[in-house]
Amino acid sequence: MKWLDRPTLRRPVLVAAFAGWNDAAEAATTAVRYLHETWHAHPFASIEPEEFFDFSSTRPTVFLRDGQTREIAWPTTEFSVAKLPGASHDIVLLQGTEPQLKWRTFCRQVTDVAHALRADLVLTLGALLADVPHSRPVSIIGTATDAGLIARYGLQRSRYEGPTGIVGVLQDACTTTGIASASLWAAAPNYVAHARSPKAALALTTRACALLELPVSTTALELAAADYEREVSELVEADEDTADYVHRLESMVDGGEIQFGVDDDEPVSSGEPAESGSGEMLVEEVERFLREQGS
């Protein structure tokens, strides 16, 4: 663990997201990154990557600073702090990538920071792929294990059993070490699995800030979400098989046949986008659009 500063905070809440398996459509990491930028958070600590990553799988990248000096950027897990006027809590934001090694040691470092700062709550964000249409409101599920948190925040108790990611392991570590923890998950459309979804990120951001009673301007995310929905709709309608599939999903959602429930709070894909291979072309088009938009 590398500390740049040891801030004195008011009843801090730690909000965490990790790129990787828990981050369908990059919704969770986009949400935390947006909060970091909007609230002008500043870093104060980081977890050294050497113990936790296989660098042949998660490779460092080289870049030129000022176009001349070569530098290497390693995978980072960074803590930053934001102090919001009028808020009852200071906010600690944790951004990183799901590690490949020593998960229990990694989570112990996170909970050590939470204990050192006397955090009131650790709130993890995640996103999963599901049979949901992009054209309807994003489903959010909130879970916790503590009965008091469930009642206080209107959450549910997870009944999920099966493979888990770093978010699930971190929640268990928080419970074991006596830190209150909760998790919010967004459902992203499985037929655009590899395209970043600012719409899902917006839903996570809005729900997290409502739960924590924190002010946030979401104008930039709202604009990006509108562009995303419009462009995906155009691409869907251009392909008959995908359009039929999405229209079926819309009808099922409108009729109450699809409900995103507490049993679904792990990132797995629950269906195929279409019977033809046209879904791959759709994903490529959406990814191209989003890269160009920078959303």
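1. In this predicted model, strands S3 (residues 42-47) and S6 (residues 77-82) run antiparallel and are paired over five bridges. Isoleucine 47 has threonine 77 of S6 as its bridge partner.

2. Two helices pack on the sheet. Helix H1 (residues 27-38) touches S2, S6, S7 and S8, and its direction makes about 140 degrees with that of S7. Helix H2 (residues 103-116) touches S1, S2, S3, S6, S7 and S8, with an angle of about 140 degrees to the direction of S3.

3. The sheet is open, with eight strands in the order S1-S3-S6-S7-S2-S8-S10-S9 and mixed pairing. Strands S1 (2-3) and S9 (140-144) are at the edges; each has a single partner strand, so one side of each lacks a neighbour in the sheet.

4. There are nine salt bridges in the structure. One of them joins arginine 11 and aspartate 120, with the closest N and O atoms 3.0 Å apart. Arginine 11 is in the loop between S1 and S2 and aspartate 120 in the loop between H2 and S8, 109 residues apart.

5. Aspartate 254 and arginine 136 also form a salt bridge (2.9 Å, N to O). Because aspartate 254 is in helix H7 (residues 240-254) and arginine 136 in the loop between S8 and S9, the pair ties together parts 118 residues apart in sequence. Aspartate 254 is exposed, at 54% relative accessible area, whereas arginine 136 is partly exposed, at 23%.

6. Lysine 199 and glutamate 229 meet in a salt bridge (2.9 Å, N to O). Lysine 199 is buried, with a relative accessible area of 12%, while glutamate 229 is partly exposed at 25%.

7. Val62, Ile72 and Trp74 make a nonpolar surface patch of about 290 Å². Isoleucine 72 belongs to strand S5 (residues 69-73).

Methods
Residues are numbered from 1 along each chain as its sequence is written. This is a predicted model: local features need pLDDT of at least 70, side-chain atom pairs count only at pLDDT 80 or more; totals for chains, interfaces and linings use all residues. Side-chain values use heavy atoms; hydrogens and water are left out. Two strands pair if DSSP finds at least two bridges between them. Helices (H or I, at least four residues) and strands (E, at least two) are DSSP runs, numbered from the N terminus. Contact means heavy atoms within 4.5 Å. Axes are lines fitted to C-alpha atoms, for helices over the stretch in contact, and angles run from 0 to 180 degrees between N-to-C directions. Patches are made of residues with over 30% relative accessible area and no salt bridge: like charges are joined within 9 Å, nonpolar side chains (Val, Leu, Ile, Met, Phe, Trp, Tyr) within 5 Å. Accessible areas come from the Shrake-Rupley method with a 1.4 Å probe; for residues, only the protein chains shown count as cover. A salt bridge is a side-chain nitrogen of Lys or Arg within 4 Å of a carboxyl oxygen of Asp or Glu. Buried means under 20% relative accessible area, exposed over 50%, partly exposed in between (1.4 Å probe, protein chains only).
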